[in-house]
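Hello,

Please open it first, and then read my notes below.

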Amino acid sequence: MFYQTKKVAIEYIKKTWLSWKEKFVSAWTENYLHFGNRSSSRAEGAHAKLKQYLQVSTGGFQDVTKKICLAIKHEFNEIKVKLASE
């Protein structure tokens, strides 16, 4: 019964967005090469990847610096491996 009151919104979604679902739903985006980027901008993707390495927001300067260097080295190594396998 809830959806019956939302017919206009449902029709809008069907007509406007449903045809684009493959572009933004992970069930479909996993089928395409995206180099780990799952956000709308490269900066957001880089931020998300960096947060994986930092894990906490309370680290000291030296700890954060080490983790950033580790993230860069790891990313560089991943790129080298991918290029070598092509």
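Here is what I found, going from the whole chain to single residues.

First, some background. This is a predicted model, where local features need pLDDT of at least 70 and side-chain atom pairs count only at pLDDT 80 or more, while totals for chains, interfaces and linings use all residues. Residues are numbered from 1 along each chain as its sequence is written, and side-chain values use heavy atoms, with hydrogens and water left out.

The chain has five helices and zero strands, which gives the pattern α-α-α-α-α along the sequence. Helices here are DSSP runs of H or I with at least four residues, strands are runs of E with at least two, and numbering starts at the N terminus. Of the 86 residues, 5% are buried (buried is under 20% relative accessible area, exposed is over 50%, and partly exposed is in between, with a 1.4 Å probe and protein chains only). The chain exposes about 8000 Å², and carbon and sulfur atoms supply 63% of that area. Accessible areas come from the Shrake-Rupley method with a 1.4 Å probe, and for residues only the protein chains shown count as cover.

Next, the packing of two helices. The angle between α4 and α5 is about 120 degrees, and their axes are 9 Å apart. That makes α4 oblique to α5. Axes are lines fitted to C-alpha atoms, for helices over the stretch in contact, and angles run from 0 to 180 degrees between N-to-C directions. Under 35 degrees counts as roughly parallel, over 145 as roughly antiparallel, 65 to 115 as roughly perpendicular, and the rest as oblique.

How many salt bridges does a search of the whole structure find? There are two, a salt bridge being a side-chain nitrogen of Lys or Arg within 4 Å of a carboxyl oxygen of Asp or Glu. In one, K49 and E75 meet at 3.2 Å, N to O. This pair links distant parts of the chain, with K49 in helix α4 (residues 42-54) and E75 in helix α5 (residues 61-85), 26 residues apart. K49 is partly exposed at 26% relative accessible area, and E75 is partly exposed at 27%. The other joins K67 to D63, with the closest N and O atoms 3.6 Å apart. K67 and D63 are both in α5, four residues apart, or about one turn of the helix. D63 is partly exposed, at 34%.

L70 also lies in α5 and is partly exposed, at 49%. Its C-alpha atom is 10.0 Å from that of L54, 16 residues away along the chain.

Finally, Y12, I13, W17 and W20 make a nonpolar surface patch of about 460 Å². Patches consist of residues with over 30% relative accessible area and no salt bridge, joining like charges within 9 Å and nonpolar side chains (Val, Leu, Ile, Met, Phe, Trp, Tyr) within 5 Å. Y12 belongs to helix α1 (residues 7-17) and is partly exposed, at 46%.

Best wishes
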